[in-house]
Amino acid sequence: KTVRARGNDGLAWLYLGYARMGLGQSERAVEALEKAAASDLPAADRAAARTEIGNIYYQGLRDDRKAMPAFREALRLNPREGAAALALGTDAAQKK
């Protein structure tokens, strides 16, 4: 209801994305997290949303082509986003 009432509320979209992840609704989670990442949230929160998008694509949907750009964008937004850095490093190591 909060998201419908306040459609531009980035934090509401972020939490909706987390909730949908918990319910196993990967595609719907990505939709919500994309809206959070495009909102006026602080960079660290937008980076967290991008990291979760990357995680969904990388681990859940097994789509590296979509996961890696999300992780790179997370690091651009917040160079301290450790989960994104770890995912990119792990992917690079596996491809050697």
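Visitor: What pattern does the protein chain follow when read along the sequence?

Guide: This is a predicted model. Read along the sequence, the protein chain has the pattern α-α-α-α-α-α. The count comes to 6 helices and 0 strands.

Visitor: Why is the protein chain called as compact as a globular protein of that length?

Guide: The globule rule gives 12 Å for 96 residues. The radius of gyration of the protein chain is 13 Å, which is close to that value, so the chain counts as being as compact as a globular protein of that length. Along the principal axes, the C-alpha trace spans about 50 × 25 × 15 Å.

Visitor: How many of the 96 residues count as buried?

Guide: The share is 44%. To be called buried, a residue needs under 20% relative accessible area. The protein chain exposes about 5800 Å², and 51% of that is supplied by carbon and sulfur atoms.

Visitor: Why does Tyr18 count as partly exposed?

Guide: Buried means under 20% and exposed means over 50%, with partly exposed in between. Tyr18 has 30% relative accessibility, so Tyr18 counts as partly exposed. Tyr18 lies in helix α2, which covers residues 10-22.

Visitor: Which residues make the nonpolar surface patch?

Guide: Leu11, Tyr15 and Tyr18 make a patch of about 280 Å². For such a patch, nonpolar side chains are joined within 5 Å.

Visitor: What share of contacts joins residues at least 24 apart?

Guide: Among contacts between residues at least 6 apart in sequence, the share is 36%.

Definitions and conventions: Residues are numbered from 1 along each chain as its sequence is written. This is a predicted model: local features need pLDDT of at least 70, side-chain atom pairs count only at pLDDT 80 or more; totals for chains, interfaces and linings use all residues. Side-chain values use heavy atoms; hydrogens and water are left out. Patches are made of residues with over 30% relative accessible area and no salt bridge: like charges are joined within 9 Å, nonpolar side chains (Val, Leu, Ile, Met, Phe, Trp, Tyr) within 5 Å. Accessible areas come from the Shrake-Rupley method with a 1.4 Å probe; for residues, only the protein chains shown count as cover. A salt bridge is a side-chain nitrogen of Lys or Arg within 4 Å of a carboxyl oxygen of Asp or Glu. Helices (H or I, at least four residues) and strands (E, at least two) are DSSP runs, numbered from the N terminus. Buried means under 20% relative accessible area, exposed over 50%, partly exposed in between (1.4 Å probe, protein chains only). The radius of gyration is taken over C-alpha atoms; the globule rule is 2.2 Å times the number of residues to the power 0.38. Contact means heavy atoms within 4.5 Å.
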